[in-house]
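Dear colleague,

I am handing over the structure that we talked about, and below it you will find what came out of it. Please read the notes with the model open beside you.

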Amino acid sequence: MNEPAASTPPGAARAQPLMSIGEVLAQLRVDFPDTTISKLRFLEAEGLVEPQRTASGYRKYSWDDVARLRFVLTAQRDQYLPLRVIREQLAEWDAAGRAPG
């Protein structure tokens, strides 16, 4: 399978190479400076994002995962929504085949 060059925009999410949790953190810290690896792991444990795993167990995130995380973090910061409400919204979008945002 041909993977696109690293300069491909996030809109081409499914064709993007996967990112480590550290790379995702670097992407998110621009808009969410208080975000930590522990926070990303917590959001995964809460079922808000499901990164792929390597055979060794490392998390690998797609651009779709990053978009979900951005939605969750924005909803928490700007609308003070509880995780339960955010989870319900994500479930509705998943059922409709739409992306958050």
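Helices (H or I, at least four residues) and strands (E, at least two) are DSSP runs, numbered from the N terminus. In those terms the chain has four helices and two strands, and from the N terminus on they follow the order α-α-β-β-α-α.

Please keep in mind that this is a predicted model, in which local features need pLDDT of at least 70 and side-chain atom pairs count only at pLDDT 80 or more, while totals for chains, interfaces and linings use all residues. Residues are numbered from 1 along each chain as its sequence is written, and side-chain values use heavy atoms, with hydrogens and water left out.

Of the 101 residues of the chain, 34% count as buried, where buried means under 20% relative accessible area with a 1.4 Å probe, protein chains only.

In helix α1 (residues 21-29), the buried residues are Ile 21, Val 24, Leu 25 and Leu 28. Seen down the axis of α1, they fall within an arc of 100 degrees, so they line one face of the helix; the arc is taken from the directions from the helix axis to the C-beta atoms. These buried residues pack against α2 (37-45), β2 (59-60) and α3.

Helix α3 (residues 63-79) holds Asp 65, which is buried yet has no salt bridge (a side-chain nitrogen of Lys or Arg within 4 Å of a carboxyl oxygen of Asp or Glu). The nearest side chain of opposite charge, Arg 68, is 5.6 Å away.

Best wishes

Key:
Buried means under 20% relative accessible area, exposed over 50%, partly exposed in between (1.4 Å probe, protein chains only). Lys and Arg count as positive and Asp and Glu as negative; His and the chain ends are not counted. Contact means heavy atoms within 4.5 Å.
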